[in-house]
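These are notes for a colleague who is meeting this structure for the first time. Please read them with the model open.

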Amino acid sequence: MENINFGIDLGTTNSGIGKFQSGKVNIFKNPVGFRDTLPSVIAYRNGRILVGDKARELTSVQPENVFSSFKRKMGSEFSYHVPATQENKTAIDFSALVLKELINFVGDEKPTSAVITIPASFDTIQSNATKSAGYSAGLQEVLLLQEPIAACLAYANTQNISIDESKKWLVYDFGGGTFDVALVSINNRELKVIDHEGNNFLGGLDIDNLILEHLFCPILEKELGTDNLWKQMVSAEKGIYSKLFFELLYRAEEAKKELSIKESVYVELELELASKFIEFEITRQQFNELIHPKVEETVKLTKRLLEKNNVSNQQVERIILVGGTTYIPYVKEYLHQEFESTVDSSIDPTTAIIVGASYYAGTKTKQNLSTEKAEIKEEVPDQLRDVKLVYEVNSQDNEELLTGFVPNEFSGYYRVTRTDGGFDSGLISFHSKFNEFLKLVPKTSNFFHVKIFNKHQVLVFEQDNLSINHGIYNISGQPLPNDICLEVDDTLGTTYLERIFKKNDILPLSKKIYKTVSKTILKDSGAQLIINIVEGKAETSPASNLCIGYLEINASDLSANLLKGTDIEIDFEISESRDLTVNVFIDAINLEISQVFNASAKQVSIPKVRLELEKSLNNIDYEIEEFSINNRHEIVDRLNDLRLEIIELLKALIDIEDDLVTDKIYNIDERKRKAFQLYDDLVRRKNVIAEIEEYQAYKAEIKEDLLLKPNAKIEHVFNNIIKNEAQFLNSNQTSIIRSKTKELQKISHEMYYQHDESYVNLFYQYAYKEISDYSNESVARKHISNGERAIKNENYIELKAIISALYHLLKIKPKDYFEDKNGTLGLK
Amino acid sequence: MKDIITQIFEIENKIKTEDFASFKRNFQRIYHELEQEGYIVVNPLHQPYDERDASVEANILNESGQSLKITKVLKPTIYKNENGNRILIQKAVVIVE
């Protein structure tokens with residue numbers, strides 16, 4: 001038999017839904033706004049039915065179309081008139097809307113049965129009205145549970161408290177707008193509400209108002225030079241202080257929350273009327289004194305409840321807390337002081353009722369209650385087919401129109417929500433066709449969820465992930481034929497390409513990036529910072545691509561030394577006619593350079609071409625040797641040809657040194673790019689694979705070491721290095737993969753030196769050096785002989801000191817392999 | 001993190017308009033770095049009030065309910081990108097007139 005599992009807290013102010021699953025309760029969050037609870041408020045505006053937060057905020061604008069606290073009218077004949085629709089509604093109708101909204105929080109497996117909580121004060125008619133609301137919302141089976149019992153179950157289950165013995169608990173429920181207290185008897189797993197007390201108009205909001213009136217207003221009156229500020233703010237006549245009231249209310253709520261964890265808080269306010277900011281302190285002591293009368297009022301009601309039932313304080317085994325206001329530490333302290341019982345606040349008081357209702361639902365099996373709800377049972381409606389949704393996939397506007405067409409004279413409702421929780425159209429009635437402007441989050445993809453309901457508000461069509469991109473693509477522009485990249489230094493002394501814009505991105509484009517200076521450039525040193533922007537393929541060598549923007553910032557242009565590690569901000573803009581604008585800003589030395597590169601003028605720097613050619617010669621020589629060893633003669637031949645071509649190009653460069661007129665340099669640049677493309681084709685793939693293999697080897701070695709000798713710190717660093725592995729291993733960029741391998745080597749090195757024995761090897765590296773390498777030979781000999789003795793005695797502390805002393809005696813210190821190399825461009 | 005972002009937002013709003021130019025780049029940089037970490041911060045100031053916009057929590061002053069606009073933002077809207085999905089993690093708290 002299947003259990004009901006779903007528990008619903010249908011509250012006067014807030015409601016929520018949970019499900020008992022695998023021994024615990026999962027609270028469903030509102031897919032719009034992602035909160036645990038839903039304000040029990042309904043509003044009608046612009047043809048929409050709004051439920052929850054957005055409905056509540058309309059209270060001050062059009063109170064006649066906003067309905068809240070309708071739970072108090074459950075089971076009565078009272079009828080609400082809705083001017084916006086000219087309809088009359090009952091508390092059951094509104095409760096059903098809240099329940100439908102809650103059911104909507106649940107993903108795919110919608111509940112057909114649920115436990116709904118009711119106040120202890122509800123009589124049979126009110127209870128039956130709650131059941132009717134549940135059936136109207138589409139539930140086939142509704143079980144009721146009193147709220148105090150739900151709270152007790154929540155505490156008992158989450159803390160495994162025995163409910164076999166006979167005892168009495170108080171359920172103290174201090175919410176946002178109401179206060180209720182119930183006396184519950186527990187005996188042999190049976191929970192029963194003996195009696196209850198309450199005040200329907202006492203809650204957290206009163207406390208916010210108290211803070212505002214008594215703590216904020218006296219200070220503000222002095223600042224603003226006015227009297228009776230509180231009265232002026234809350235008067236029916238809207239005046240200059242009405243806006244201030246809302247800001248103060250927000251600050252009061254924030255201060256209240258903060259005072260629950262801190263002894264004092266500073267409140268900061270912007271007084272637009274006095275054009276200044278003011279700051280003042282509120283202590284928890286002041287706050288406690290302020291709220292004391294309200295808490296005292298709840299205590300009086302609680303004492304009265306105990307007295308009329310002849311129950312002494314000592315007989316109350318536990319007071320359990322429910323409702324957001326019980327977060328305030330003073331409430332708990334004062335209750336403990338007055339009743340001397342255990343005051344239990346171990347679970348979230350705002351969701352305790354939902355948790356308890358769900359635990360209860362987890363123990364109740366579903367029934368076939370066809371008789372009870374037969375009168376309102378409907379057949380499962382057919383799902384709509386042939387619904388057409390028309391919209392633009394790409395947009396530059398803040399809103400984009402969605403039109404829906406449903407054939408066969410369909411009448412019903414639609415609702416569109418954005419999956420990030422920031423947009424909700426509300427429920428809107430329509431006939432055959434609807435139009436809705438969807439609000440878009442700028443410069444990103446927006447996903448929407450469209451639902452269509454029949455006239456009984458039963459879901460008949462659903463479409464997920466309707467996607468509209470904002471500002472990412474301009475539909476009228478041309479696509480980029482190649483990647484646009486910036487050449488940057490790596491930490492190994494070479495360079496690679498960082499993609500700024502992707503091939504097929506649509507023009508115009510703009511992007512801001514932040515880089516750092518990779519080598520110190522001293523003012524007047526003759527060094528330069530090079531910004532080289534190329535068009536081509538990001539995964540190839542920089543020199544094989546076409547330079548479209550080249551900017552040299554010379555040391556002589558600098559107002560101060562440019563230090564390694566300084567931040568550089570670079571803005572790139574490519575217009576529809578493919579003009580590239582580069583704006584470089586270095587805040588540290590207040591340097592700003594802006595340059596436009598025209599698409600028709602090629603950018604070639606002779607020194608840079610020379611440098612690239614010279615560097616490539618070394619690489620080619622190395623590759624020729626490698627391929628020769630592996631007997632790959634056909635590649636060796638082609639590399640030899642390439643070598644000759646590069647030497648020719650270097651010669652040609654010398655010939656045109658003073659040639660400022662002809663376009664020979666462009667010819668050389670073209671030949672150079674072709675040569676580098678060929679080089680890439682011949683060796684790059686092989687090198688990338690070799691780099692990946694080396695990376696994987698280090699990774700496996702470290703993994704194994706960590707398994708044998710776990711080290712949380714190193715494991716954390718290791719996981720950070722390999723985090724985006726798929727991305728960098730597929731980048732085809734040897735230098736990116738090599739940088740990662742270097743990071744792995746660094747931690748492998750660190751792990752190696754965690755073993756004392758490793759220092760023996762290191763010592764012998766120093767001992768076998770030429771004695772003439774040391775600045776003082778006799779001292780060095782002495783250290784070596786002491787070192788050998790230390791090894792014999794396994795005195796590793798001494799050995800480490802000796803190695804350090806030898807290092808300092810070395811005339812030329814060994815280079816740190818792991819130190820980042822200075823870049824050639826100056827940009828990293 | 002959302003509390004830190006709200007503090008940054010408050011600092012930004014406390015700077016006088018005439019002094020703001022010298023801080024502009026710093027704030028751009030902060031928001032850029034936040035975006036790299038997956039946080040998108042939206043300031044809805046001056047936007048028309050829209051009852052469908054669930055990313056703001058509005059306190060509405062103008063009882064006529066006509067041509068309502070957001071005139072003050074006490075907290076910005078914050079979205080977080082997680083595994084390719086964007087979710088709202090903080091609603092803006094705004095005053096509408």
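1. Strands β12 (residues 167–174) and β13 of chain A pair in the antiparallel sense over eight bridges. Strands, like helices, are DSSP runs numbered from the N terminus (strands E, at least two residues; helices H or I, at least four), and two strands pair if DSSP finds at least two bridges between them. A hairpin of four residues joins β12(A) to β13(A). Across this pairing, Leu170(A) stands opposite Leu183(A) of β13(A).

2. The model is predicted: local features need pLDDT of at least 70, side-chain atom pairs count only at pLDDT 80 or more, and totals for chains, interfaces and linings use all residues. Residues are numbered from 1 along each chain as its sequence is written, while chains are lettered from A and ligands numbered from 1 in the order in which they are written.

3. β13(A) also pairs with strand β14 (residues 190–199) of chain A, in the antiparallel sense and over nine bridges. Here the bridge partner of Leu183(A) is Asp195(A) in β14(A). Two residues lie between β13(A) and β14(A) in their hairpin, and Asn188(A) in the turn has a positive phi of about 50°.

4. How much of β13(A) is buried? Of the nine residues in this strand (residues 179–187), seven are buried. A residue is buried if 20 or more other C-beta atoms lie within 10 Å of its own, exposed if 12 or fewer, and partly exposed in between, with C-beta atoms placed from the backbone. Over chain A, with its 828 residues, buried residues make up 37%.

5. Two loop residues deserve a check. Glu409(A), between β21 (399–405) and β22 (411–418) of chain A, has a positive phi of about 50° although it is not a glycine. Glu409(A) counts as exposed because it has 7 C-beta neighbours inside 10 Å. Ser432(A), in the loop between β23 (427–431) and β24 (433–439) of chain A, is not a glycine either, and its phi is positive at about 65°. With 13 C-beta neighbours inside 10 Å, Ser432(A) counts as partly exposed.

6. Finally, the contact between the chains. It takes 35 residues from chain A and 28 residues from chain B; two residues are in contact if their C-beta atoms, placed from the backbone, lie within 7 Å. On chain B, elements that each supply at least two residues include α2 (21–36), β2 (56–60) and β3 (70–75). β2(B) gives the most, with four residues.
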